[in-house]
Amino acid sequence: MKRKIINVLPAVVGLLLLPAAGLAAPVPFPSVNIGMGAASNPQEVAVSLQILFALTVLTLAPSILILMTSFTRIIVVLSFLRSALATQQMPPNQVLIGLALFLTFFTMSPYIEQVNKNALQPYFAGSISQEIAMTEAMKPMREFMFKQTRENDLALFVNLSEGPRPNSQDEVPSTVLIPAFVISELKTAFQIGFLIYIPFIVIDMVVASTLMSMGMMMVPPVMISLPFKVLLFILVDGWHLIVRSLLASFN
C-alpha cells in the first residue's frame, strides 16, 4: 500500500501544478552564448583583451586590497587583540574582517577619491587611455605606500632587485615598493600587538600566581583571568582606544 502511494504522489503533484503552469505567463530567460572565434577586425581583439584584463583585475582584487592598503595592519592588530583576550572565536572572523574592511575604506577614502577623480572618471569619459588611467590610479596608492614604508625595508628590496639605484620616488618600481610596504606594515602591526599583549599578560601572571599560592593547581588560570581581562577591556573602552590608535598610526 505504501509503495502504491509513493508511486502515485508524483502524478498527483504534476496534475496539481499543471493548471497553474498553464495559467502562468511564460518567464523570459535571457540567452547567453559564450564562444571563441576568429576576430574579423582589430576592434574585436581590443574588446577581448579588455574583457580579459577586467577578469584578471577582479581575480586579483582581494590581493590588491590586502597588499596595497591599510587592511594588513588593521586585521593583524585585531587578530592580536582577540588572541590577547583569549576569547577564542569572539568576535567571529566575519566581524573582524568586516570591521577591518570598513576601517580600510575610511583610511583609504582620500586616496580612493583621487583615483576616481584623476583616473576612473576621465577614463570612462574617454579623455584618457587605459595606460594613462592605470598610471594615474597608481599615483595616490604609491603616495600612501611611501608614507608607511620604512627606508630600510625599501632599501632591502632595491638592493635585492639588482637594478639601477633610484634617485627619486618616481623611479622606484611598484614591484619593489609593494613588498617593502607589506613587511613594513607587518612590523608595525606586530609592534602594536606587543603593546596590546602587555596588560593582559600581567593579569594572567597575577591570576596564575594567586592560584598557585592558594594551592589550586588544577584550576586553569585562563578560566579565571578571562572575565578580568574582559572587564579591564570594557572599563578602558578598549575598542575606542584600539581603533583610535590604529587610525592615528596612519597619519
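Predicted model: local features only at pLDDT ≥ 70, side-chain atom pairs only at ≥ 80, totals over all residues.
The protein contains 9 helices and 0 strands. Read from the N terminus, the order of its elements is α-α-α-α-α-α-α-α-α. Of its 251 residues, 26% are classed as buried. When contacts between residues at least 6 apart in sequence are considered, 72% of them join residues at least 24 apart.

In soluble globular proteins, nonpolar side chains tend to be buried together. In the present model, the largest nonpolar core comprises 37 residues, and Leu154, Ile196 and Ile242 are those with the most contacts inside it. Two or more residues are given to this core by each of the helices H3 (71–85), H4 (93–125), H5 (130–148), H6 (151–161), H7 (174–213) and H9 (238–248). The most is given by H3, which provides 10 residues. The surroundings of Leu154 were examined with its neighbours within four places in sequence left aside. On that basis, Leu154 is in contact with Phe146, Thr149, Val172, Val176, Leu177 and Ala180.

The structure holds 3 salt bridges. In one of them, the side chains of Glu185 and Arg73 meet at 2.5 Å, N to O. This pair connects distant parts of the chain, with Glu185 in helix H7 and Arg73 in helix H3, 112 residues apart. Both partners are buried: the relative accessibility of Glu185 is 0%, and Arg73 has a relative accessible area of 1%.

Another salt bridge joins the side chains of Lys139 and Glu136, with an N to O distance of 3.2 Å. Both residues lie in helix H5, where they are 3 residues apart, about one turn of the helix. Lys139 is partly exposed, at 47% relative accessibility. Glu136 is likewise classed as partly exposed, since its relative accessible area is 23%.

Helix H5 also contains Glu143 and Lys147, which are 4 residues apart, about one turn of the helix. The side chains of Glu143 and Lys147 meet in a salt bridge at 3.7 Å, N to O. With a relative accessible area of 35%, Glu143 is partly exposed. Lys147, by contrast, counts as exposed because its relative accessibility is 54%, and the exposed class begins over 50%.

Ser70 is located in the loop between helix H2 (42–67) and H3. Ser70 is buried, at 0% relative accessibility. A polar contact of 2.6 Å is made between the side chain of Ser70 and the side chain of Thr107. With neighbours within four places in sequence left aside, the residues in contact with Ser70 are Thr104, Thr107, Met108, Phe144, Glu185 and Phe250. Among them, Glu185 is also the partner of Arg73 in a salt bridge.

Asn118 is placed in helix H4. Its relative accessibility is 33%, so Asn118 counts as partly exposed. When residues up to four places away in sequence are not counted, Asn118 touches Ile128 and Glu136. Glu136 is also the residue whose side chain meets that of Lys139 in a salt bridge. Asn118 and Thr135 are separated by 17 residues in sequence and by 9.9 Å in space, C-alpha to C-alpha.

Terms used. Residues numbered from 1 in each chain as written. Heavy atoms only, no water. Core = buried A, V, L, I, M, F, W, Y, C linked by side-chain atoms within 4.5 Å. Buried < 20%, exposed > 50% of the residue type's maximum accessible area, 1.4 Å probe, protein only. Contact = heavy atoms within 4.5 Å. Salt bridge = Lys/Arg side-chain N within 4 Å of Asp/Glu carboxyl O. Polar contact = N/O pair within 3.5 Å; in protein donor to acceptor, adjacent residues only side chain to side chain.
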